[in-house]
Amino acid sequence: MASSPQFKMIEGAPTPVAPFSHAAEQDGWVFLTGQMPTWPDDDSAPLPEGVAAQTQRVMDNLIIVLQGLGLGLENVLSARIFLTEFKRDYAAMNAVYAAYFPAGRLPARTCIGVTGLARDALVEIDFVARRPS
């Protein structure tokens with residue numbers, strides 16, 4: 001029998017830029033909302049400059065959410081990445097993103113070019129993770 005869905009807000013994670021939970025979970029599947037390159041301790045601070053710095057901030061924000069759920073990057077099965085300047089920023093984003101995962105342990109992934117993101121961010125990333133059984 002399926003468990004009821006749980007909608008989770010994580011203390012210390014960035015302030016949501018829209019009406020959403022940091023994560024939703026059901027039956028061990030955990031869906032993390034796309035994170036922006038905002039600062040967890042100061043939502044009004046300017047975003048980091050450039051896609052490499054923004055990708056690092058987004059990944060660090062996702063780690064905060066994962067840790068708040070008792071999970072880590074090793075639990076991530078899939079990622080979706082959204083870039084506003086796809087051709088310009090794809091290689092730089094990939095270099096930062098790949099450094100967060102051990103070789104041979106990269107999640108499945110989709111990367112999409114978009115016309116805009118909240119807060120005029122250059123990158124947004126979301127994850128699907130699974131709790132160990």
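Is Glu25 buried or exposed, and at what relative accessibility? In this predicted model, in which residues are numbered from 1 along each chain as its sequence is written, local features need pLDDT of at least 70, side-chain atom pairs count only at pLDDT 80 or more, and totals for chains, interfaces and linings use all residues. Side-chain values use heavy atoms, with hydrogens and water left out. Glu25 has a relative accessibility of 9% and counts as buried (buried means under 20% relative accessible area, exposed over 50%, and partly exposed in between, with a 1.4 Å probe and protein chains only).

The structure holds five salt bridges, each being a side-chain nitrogen of Lys or Arg within 4 Å of a carboxyl oxygen of Asp or Glu. One of them joins the side chains of Lys8 and Glu25, at 3.0 Å from N to O. This pair links distant parts of the chain, with Lys8 in strand β1 (residues 6–8) and Glu25 in strand β2 (residues 23–26), 17 residues apart; helices (H or I, at least four residues) and strands (E, at least two) are DSSP runs, numbered from the N terminus. Glu25 also forms a salt bridge with Arg131, the closest N and O atoms being 2.5 Å apart. Because Arg131 lies in the segment after β6 and Glu25 in strand β2, the pair ties together parts that are 106 residues apart in sequence. Arg131 is partly exposed, with a relative accessible area of 26%.

A further salt bridge is formed by Arg80 and Asp126, whose closest N and O atoms are 2.7 Å apart. Here strand β4, which holds Arg80, is linked with strand β6, which holds Asp126, and the two residues are 46 apart. Arg80 is partly exposed at 42% relative accessibility, whereas Asp126 is buried, with a relative accessible area of 9%. Through shared partners, salt bridges join Lys8, Glu25 and Arg131 into one network.

A search of the whole structure finds three aromatic pairs (rings of Phe, Tyr and Trp, the last by its six-membered ring, pair if their centres lie within 6.5 Å; planes under 30 degrees apart count as stacked, over 60 as edge-to-face and the rest as tilted). Phe86 and Tyr90 form a stacked pair, at 4.9 Å centre to centre and 25 degrees between the planes. These two residues are four apart in helix α2 (residues 86–98) and are therefore separated by about one helical turn. Phe86 is partly exposed, with a relative accessible area of 31%, and Tyr90 is partly exposed at 32%. The pair of Tyr97 and Phe101 is tilted, at 5.1 Å centre to centre and 50 degrees between the planes. Both Tyr97 and Phe101 are buried, and together with Phe127 they form one aromatic cluster. Arg109 lies over the face of Tyr97, at 5.0 Å from the ring centre (the criterion being NZ of Lys or CZ of Arg within 6 Å of the ring centre and within 35 degrees of the ring normal).

Helix α2 has a kink of about 30 degrees, centred on Ala92, where the bend at a residue is the angle between axes fitted to the seven residues ending there and the seven starting there. Buried residues in α2 are Asp89, Met93, Asn94, Val96 and Tyr97. In the loop between α2 and β5 is Gly104, which is exposed, with a relative accessible area of 85%.
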